[in-house]
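Let's walk through a protein chain together, one piece at a time.

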Amino acid sequence: MTDSKYFTTTKKGEIFELKAELNSDKKEKKKEAVKKVIASMTVGKDVSALFPDVVNCMQTDNLELKKLVYLYLMNYAKSQPDMAIMAVNTFVKDCEDPNPLIRALAVRTMGCIRVDKITEYLCEPLRKCLKDEDPYVRKTAAVCVAKLHDINAQLVEDQGFLDTLKDLISDSNPMVVANAVAALSEIAESHPSSNLLDLNPQSINKLLTALNECTEWGQIFILDCLANYTPKDDREAQSICERVTPRLSHANSAVVLSAVKVLMKFMEMLSKDLDYYGTLLKKLAPPLVTLLSAEPELQYVALRNINLIVQKRPEILKHEMKVFFVKYNDPIYVKLEKLDIMIRLASQANIAQVLAELKEYATEVDVDFVRKAVRAIGRCAIKVEQSAERCVSTLLDLIQTKVNYVVQEAIVVIKDIFRKYPNKYESVIATLCENLDSLDEPEARAAMIWIVGEYAERIDNADELLESFLEGFHDESTQVQLQLLTAIVKLFLKKPTETQELVQQVLSLATQDSDNPDLRDRGYIYWRLLSTDPVAAKEVVLAEKPLISEETDLIEPTLLDELICYIGTLASVYHKPPSAFVEGGRGVVHKSLPPRTASNESTESPETAPAGPPSGEQPDVIPAQGDLLGDLLNLDLGPPVSGPPLATSSVQMGAVDLLGGGLDSLIGGPNFVTPPAAAVPANLGAPMGSGLSDLFDLTSGVGTLSGSYVAPKAVGSISMDLQLTNKALQVMTDFAIQFNRNSFGLAPAAPLQVHAPLSPNQTVEISLPLNTVGSVMKMEPLNNLQVAVKNNIDVFYFSTLYPLHILFVEDGKMERQMFLATWKDIPNENEAQFQIRDCPLNAEAASSRLQSSNIFTVAKRNVEGQDMLYQSLKLTNGIWVLAELRIQPGNPNFMLSLKCRAPEVSPHVCQAYETILKN
């Protein structure tokens, strides 16, 4: 018969009968009675009256009976502390029992009895058990220290148990090590200031040795402990990663996530040039993919963690898009999370696949999922520019379905696409206006109103459309009311004669008839702007909007770094740091990723890793691009402006033509001006300041650069030729120039010398010497140069593209052996192939012409009738580029292969080759 019989008795006087049975002489009867007592206790009956009788049964050799009695003791010791003292002697005696299972059981039970009076008696037996010869007893005692610390921390410290616990990290048994680590981690969490886990390379080595042999939960404790360690250099980080990597193939998903956490943390310290770094990236993908074949709840936890990993290192899963495609039977929470990751992994390579999938999702039955899928199509358009057109046509197809919520979501995302790509897709506005009547959600209505207001000049009946919204103004949500107010003011500024009545109506509704402070404030601002200075109103309301960024929902980088340290915990599921949801903040420590070691600072991003010169010296780095104009806008260009101070206006972002022809030519050292192919500077245009449009001739468009082959001014010198024309009505003086940080540190080598004041309509030509010792920041494109010229009237900004060959240095010839070794050493994926068309030169002439521009031929050979030139060049910041030029006699098309550790330089080098060979 099974033990279920103990739960079925309902006799009266049961306690009395049990008492008699507990005091029976027969061992079997005693055991049966204790089982009945435990059964009653389990179903919630009060059997505390039997305490003395049950305690008497402790004196037995039977392990099963002893376990049952200990179970009873743990449950009732708190309510009967005085009686529990009776059991202490037995505990102490059991701690010296020859059977290790009984010794461990005794020490475990004593740790679970949370009674202050008993803890004093626990110290001696615990000390013995921590040094017990049997590892099972030692591992149990280790956990008991943590329990005792929770009851009485001072006692544990006074008795020296913490030091004993630290010694157990060096134990020969892996399970003892794991439990010691778990206990110390637990104590350290409740006392963040105490430096209990003082890890060093020796102790880390012991933990890694134990890692291979302990149970899965032991492995998790050790891995979590490793994640809190900061290696002293990248070599130690790599060594730890190599020994942790096998854990990725563990069957337990918690072990896998703990291993991923350690690797993600230590990868921060590894140089991206290392072969091992690439290997590690490849090894991280399969275990993460495997986690997605578990049950939905586990999948969700895995997806939330993958979401963080993809934001930190998208390259890990960039080829695994298909595993995130939604299955028909996935629960909604898994579907939505997969969708989020799909967008994060979307790139030019896989966008067609992703869009086909998203279009399919948009026809599903689950409304929330469909909404998110439509929104995802819009996010793809914003993220991958090449796909924008396809995304817009997909959204238009979805609008044609006339499914209400699909249409509304599509309009919301099209608004964002308009913001990202102005003047590109406005042809779809007519289709959007057809669906105006079906919009009932505030966000969709607000988006549609924004579109009508922003493109009022393209919509013939814009005033009628906005008037239709105005009829129920007070019933609209605040979001719609604010958008409607702004849209009508925009319409008025664009069509003042036709919409005066409409704008007065909306201003009156917003200010006099509304009790919403935001709406009233905005209404009054517009009212005052329009009544006092319509030109200023136009500048403010119709100002050029900044382009929206592609990923607005990315987690802020410092928070992301902290969450990476919490992979596999609740924080990684909530995407919040523990301090945000752990009450009282006890035991919450802010974690962060380790800093990069000095040895790999120069390779901060995979795109910008410059090739080390063969001599081993480290070249300057091109740091990633920050705020494009941020530095220029805060420049102190000196000298001080003389004369009365002028009101600052938004002309500061004026077009290049403010200075006449902008930069007429950018003469490169040693040989060239800018080739026409790269000649149009970006127009950083924005609305003109009040009245300033009269001062400057802005009709002739952006100044263009023109240039052709010229003889070098001086070998190795770089200079910029400017032609300045004064189109203002007053004299220009006090000229100064400054460059924004740029990819190669180009900077003026001398002040801008305009020797005489520049009269109206006068033109002056200046040659400005340049050097390459300025601040460095990676630009987009790489050869973009942003310039600010200041004078007594204002500051003028423009940008231009310079040819890369002005930066080729004279010591760019590499030795043959070094060339061969470096070519083999640079990864094959860094090789780029180009074709140079219509070049009439033979190999000899080409080599000679290239050499005069510091592109040196290292070796030459003839293979199957083809001339092969092996060439090297070096840029001013130490980046080396190796080239193989194939010339077929009689064929005007050359084949050029370039290898470089910074592959983004290659297209610009190819452009330099074309310019030199064809000029």
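**A walk through the chain**

Cys900 has 0% relative accessibility, so Cys900 counts as buried; buried means under 20% relative accessible area, exposed means over 50%, and partly exposed lies in between, with a 1.4 Å probe and protein chains only. Cys225, at 1% relative accessibility, counts as buried too. The structure holds zero disulfides, a disulfide being a pair of cysteine sulfur atoms within 2.5 Å.

A word on where these values come from. This is a predicted model, in which local features need pLDDT of at least 70 and side-chain atom pairs count only at pLDDT 80 or more, while totals for chains, interfaces and linings use all residues. Residues are numbered from 1 along each chain as its sequence is written, and side-chain values use heavy atoms, with hydrogens and water left out.

Now zoom out. The chain has 919 residues, and 53% of them count as buried. Its secondary structure comes to 36 helices and eleven strands; helices (H or I, at least four residues) and strands (E, at least two) are DSSP runs, numbered from the N terminus. Among contacts between residues at least 6 apart in sequence, 71% join residues at least 24 apart, where contact means heavy atoms within 4.5 Å.

Next, find strand 6, residues 795-801. Seven of its seven residues are buried, so strand 6 is largely enclosed by the rest of the structure. Val795, Tyr797, Ser799 and Leu801 point one way from the strand, and Phe796, Phe798 and Thr800 point the other way. Which way does its partner run? Strand 5 (residues 784-790) and strand 6 run antiparallel, joined by seven bridges; two strands pair if DSSP finds at least two bridges between them. Val789 has Phe796 as its bridge partner in strand 6, and a hairpin of four residues links strand 5 to strand 6.

Let's turn to two helices. The axes of helix 18 (residues 296-312) and helix 31 (residues 557-564) come within 10 Å and cross at roughly 130 degrees. Axes are lines fitted to C-alpha atoms, for helices over the stretch in contact, and angles run from 0 to 180 degrees between N-to-C directions. Helix 18 and helix 31 are therefore oblique to each other, because angles under 35 degrees count as roughly parallel, over 145 as roughly antiparallel, 65 to 115 as roughly perpendicular and the rest as oblique. Leu308, Ile309, Gln311 and Lys312 of helix 18 make the contact with Leu560, Asp561, Leu563 and Ile564 of helix 31.
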